[in-house]
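Colleague: Please take one part of this model and go through it closely, with the side-chain contacts that bear on it. A plain account will do.

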Amino acid sequence: GKVWTTSYYYTAWVAPDTVQTCPIFVFNPDGSLLNTLYTVTTGAVTDTLKGRNRGLSVAADGDILYVQSGPSRILKINYQTLQGAARHDITEVGSSPTKAAASSDGTIYVGPVVGGGTTAIATYDKDLNYLGNAVTGPANIARTMEVSPDGLSIYWTMFTGGMGIDIYTRPDELSSFTLTDSLFRGMSIETAAWNPATGNL
């Protein structure tokens, strides 16, 4: 029932010196502020949220996925304790990273903000271990992406170039993704999410 939000823009944090961060604000179901996370501690490592936020999403287990650039990193945060559950420095996408997406089997997907060439939509397991690339060279510039719950379709949402959504599909989890369809050509898309009530994107 908690609501998690953050911003691309910096907020000054004074502790004890002023540091520009992109903190995470966690609200209770009644709208009251529960906590402001300027840092996330994963094991013995504490990350100050100094990178530009690329988005928040929810992993299959309910934990929160926070992606940042500068440095490019993904943090998995326990939604109950607000502590880090896993962390990974992203080098696999070939660009600044997009918001993460997750399928119901726990696989996590992160794409490149600037697509094309050798950039990739990379996949990770629930502990943020790199599994491999799902798609190489997705087109144009994107800030977000989504994946179907069954992990068989990737929705690559672009806000420059051709814009719209490129849909990559595969027949089963052992097959490769291929570009099979597109939607909303000319529509600049900067955010997307699954509606939990209807299952619609």
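Modeller: W194 has a relative accessible area of 27%, so it is partly exposed. The model is a predicted one, and the values here are computed from it. W194 forms an aromatic pair with Y155, edge-to-face, with 5.7 Å centre to centre and 80 degrees between the planes. Y155 belongs to strand β17 while W194 sits in the segment after β19 (178-183), so the pair ties together parts that are 39 residues apart in sequence. Y155 counts as buried because its relative accessibility is 16%, and the cut-off for buried is under 20%.

Strand β17 (residues 153-158) runs antiparallel to β16, and 4 bridges join the two. T144 has T157 of β17 as its bridge partner. The hairpin of β16 and β17 has 5 residues between the strands, and G151 takes a positive phi there, near 75 degrees. In a regular strand, side chains alternate between the two faces of the sheet. Strand β16 (residues 144-147) is covered on both faces: T144 and E146 are buried on one side, M145 and V147 on the other.

R185 counts as partly exposed because its relative accessibility is 45%, whereas D166, with a relative accessible area of 5%, is buried.

The structure holds 7 salt bridges. Among them is the one between D47 and R73, at 3.1 Å, N to O. It links distant parts of the chain, with D47 in strand β7 (residues 45-48) and R73 in strand β10 (residues 73-77), 26 residues apart. D47 is buried at a relative accessible area of 5%, and R73 counts as buried at 13% relative accessibility. D47 and R73 also belong to a network of salt bridges that includes R87 and D89. D61 lies in the loop between β8 (52-58) and β9 (64-69), so its pair with K76 in β10 ties together parts that are 15 residues apart in sequence. K76 is buried, with a relative accessible area of 4%, while D61 counts as partly exposed at 40% relative accessibility.

As for rings, a search of the whole structure finds 4 aromatic pairs. Besides Y155 with W194, they include Y8 with Y9, which is edge-to-face at 5.3 Å centre to centre and 90 degrees between the planes. Y8 counts as partly exposed at 35% relative accessibility, and Y9 as exposed at 59%. R52 lies over the face of Y8, 4.7 Å from the ring centre.

Strand β14 (residues 120-124) pairs with β15 over 5 bridges, and A120 stands opposite T136 in β15.

Methods. Residues numbered from 1 in each chain as written. Predicted model: local features only at pLDDT ≥ 70, side-chain atom pairs only at ≥ 80, totals over all residues. Heavy atoms only, no water. Buried < 20%, exposed > 50% of the residue type's maximum accessible area, 1.4 Å probe, protein only. Pairing = 2+ DSSP bridges. Phe/Tyr/Trp six-rings, centres within 6.5 Å; stacked < 30°, edge-to-face > 60°. Lys NZ or Arg CZ within 6 Å of the ring centre and 35° of its normal. Salt bridge = Lys/Arg side-chain N within 4 Å of Asp/Glu carboxyl O.
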